[in-house]
Amino acid sequence: MAWCFCCSRKCPYFLSEEDKAAVVLDKEINKILRDQKKRDRMELKLLLLGTGESGKSTFIKQLRIIHGAGYSEEDRKGFATLVYQNVFASMQAMIGAMETLQIPYAQPENVENAKLVMGVNASQVVALNRPCVNAIESLWRDAGIRTCYARRREYHLLDSAPYFLSSLERIADDCYIPTAQDVLRSRTPTTGISEYCFSMQKMILRIVDVGGQKSERKKWIHCFENVIALIYLASLSEYDQCLEENSEENRMRESLALFRTLLELPWFQSASVILFLNKTDLLEDKIAHSDLAAYFPGFPGPRRDAEAAKKFILEMYVDTYMQCSSIHRDAGQRPSKTASKPRYLYRHYTCATDTQNIRKVFKDVRDVVLVGYLDEINLL
């Protein structure tokens, strides 16, 4: 590039065509970078975590209904196969448990019905035929199966099992189109990492949903950067259940352990923590016949009291949060740039299958997170 002697700097009047093209390209790149930086500042990244079957995917479905495009009739049709597979998986789980728990069928003909149902590969089901529908309906009415269902904490069973099995006649109809509630209650394990974007008040909310099973957690690590808030879902009803991957581990203790692990990671030292204690409806149903103190002896009671149980479980998570916060303060660690501001814990009781509940709760969360972020970047 040529120099201009009158102004002692590089002057565009003396540039070659190649240099002029380089200047134009440089300006375009700088503009792209400025625009990208502006977009980045208006995009909030939240990480959605929790153990398997805590309700993360259902929560994402609710956000799509509330803040996204929702589910058109064509979208809902696409869930029919998954619903059929959930029906078979649920009944097969109970049939298997009948043998393990040595529970006899009340109706002798259901022995043959069970063989028919077990002969189907649930993951390959794409439609329901009448013989199988009749067999499943007969099994679901069987007193032995109902006894087995009452002992579901002793084996793994989908939470949505009674919902789908009680709606089998509707689901088996030739013109069946899943409802929004069917979509919310359908279950498939989250594998890998999925990102969802929702537009809110001129901001883009990017929520990263990851697999909850232990085998999936090694994939989380690269998601942790630039997260402004961690949403942690924990099931209130899992206090008497075991992990799908390990029948010797209590699911709630595993959830508490994962919560502690996440709080101790350096990436989250300044990120807000939003705790959703989910499945309030299932807890209220279960607490009447399953004693929380039998699994968590510290529960003071009263027994069969859902509100007392919710408060006790919340206190366990809050205690874990406070212990982790105290550890970092007591360690005397030199504050890092990412931990220069305090983090806060926001907690809510939720029922992920209740759209109105999630609408209200997420509005509260959105407002808190949005205000905190705008304050941080000096826009308030």
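Student: What sits over the ring of Trp-140?
Tutor: That's the charged end of Arg-146, 3.9 Å from the ring centre. A charge sits over a ring if NZ of Lys or CZ of Arg is within 6 Å of the ring centre and within 35 degrees of the ring normal.

Student: Before I go on, what should I know about the model and the numbering?
Tutor: This is a predicted model, where local features need pLDDT of at least 70, side-chain atom pairs count only at pLDDT 80 or more, and totals for chains, interfaces and linings use all residues. Residues are numbered from 1 along each chain as its sequence is written, and side-chain values use heavy atoms, with hydrogens and water left out.

Student: Ok, which ring does Arg-185 lie over?
Tutor: Arg-185 lies over the face of Tyr-163, at 4.5 Å from the ring centre. Tyr-163 is also one of the residues that Arg-185 touches, along with Asn-86, Ser-160, Phe-164 and Thr-353, not counting residues up to four places away in sequence. Touching, or contact, means heavy atoms within 4.5 Å.

Student: New topic. How many residues are in the largest nonpolar core, and which touch the most other members?
Tutor: The largest core has 38 residues, and Tyr-232 and Tyr-317 touch the most other members. A nonpolar core is a set of buried Ala, Val, Leu, Ile, Met, Phe, Trp, Tyr and Cys residues joined through side-chain atoms within 4.5 Å.

Student: And what does Tyr-317 contact?
Tutor: Leaving aside neighbours within four places in sequence, the contacts of Tyr-317 include Tyr-232, Met-252, Phe-259 and Leu-277. Apart from this core lies another, of 35 residues, with Met-91 and Leu-157 among them.

Student: Last one: how many aromatic pairs are there?
Tutor: Eleven. Rings of Phe, Tyr and Trp (its six-membered ring) pair if their centres lie within 6.5 Å; planes under 30 degrees apart count as stacked, over 60 as edge-to-face and the rest as tilted. Tyr-71 and Phe-79 have ring centres 5.7 Å apart and planes at 85°, so they are edge-to-face. Tyr-84 and Tyr-176 are tilted, at 6.0 Å centre to centre and 45° between the planes.

Key:
Buried means under 20% relative accessible area, exposed over 50%, partly exposed in between (1.4 Å probe, protein chains only).
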